[in-house]
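Dear colleague,

Here is the structure for your files. My notes on it follow below.

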Amino acid sequence: MIKRVDHIASVVKNLDEAVELYERAFGLKPACIETLPEQGVKAALIPIGEQGEIELLEPIDAQSGVAKFLESRGEGIHHICLEVDDVDKELELLAAKGVGLIDKKGRPGLAGKVGFIHPKSMKGVLIELAQKV
Ligand code: ZN
């Protein structure tokens, strides 16, 4: 079951600069800043109110998908994350409906246990599913 929009993620060239901008412009502070080597990114999660977050991603590995995105499309919105109650079940249901997936099973991510749907299957939008753990 899809529960809500969890976060919207943006790719940036410089994470420190972007974090500073969100703080200066909106008074928003990151709840966490982490380096995720397996995903090739440095990431910040910025909570907004009670629910919903902005995720900022800076590529740290030139071979990563995020680095390729930044190179070809520039800074901007990278993906939308929807919270689900069971990420493995949702991925299985989507696969059964013929929706193309990047992840067949959930894996650890910044937002919990996560799995990505291929943007070619979603009209050009990369969608992440996240289950809180
Ligand atoms: Zn995300």
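**Notes on the model**

Lys123 sits in the loop that runs between strand E7 (112–117) and E8; strands (E, at least two residues) and helices (H or I, at least four) are DSSP runs, numbered from the N terminus. This is a predicted model, in which local features need pLDDT of at least 70 and side-chain atom pairs count only at pLDDT 80 or more, while totals for chains, interfaces and linings use all residues. Residues are numbered from 1 along each chain as its sequence is written, and side-chain values use heavy atoms, with hydrogens and water left out.

Lys123 has a phi near 55 degrees, a positive value in a residue other than glycine. Most residues other than glycine have a negative phi. Lys123 counts as exposed because its relative accessibility is 83% (exposed is over 50% relative accessible area, buried under 20%, partly exposed in between; 1.4 Å probe, protein chains only).

The zinc ion has the protein donors His7 (NE2), Glu55 (OE), His79 (NE2) and Glu128 (OE), at 2.0 to 2.4 Å. Donors are N, O and S atoms within 2.8 Å of the metal (3.2 Å for Na, K and Ca); water is not among the atoms, so sites may look incomplete. Along the chain, the donor spacing is H-x47-E-x23-H-x48-E. His79 is in strand E5 (residues 76–84) and Glu128 in strand E8 (residues 126–131), so the pair ties together parts 49 residues apart in sequence. His79 and Glu128 are both buried.

Ala43 touches residues including Leu15, Cys32 and Leu110, not counting those up to four places away in sequence (contact means heavy atoms within 4.5 Å).

Regards
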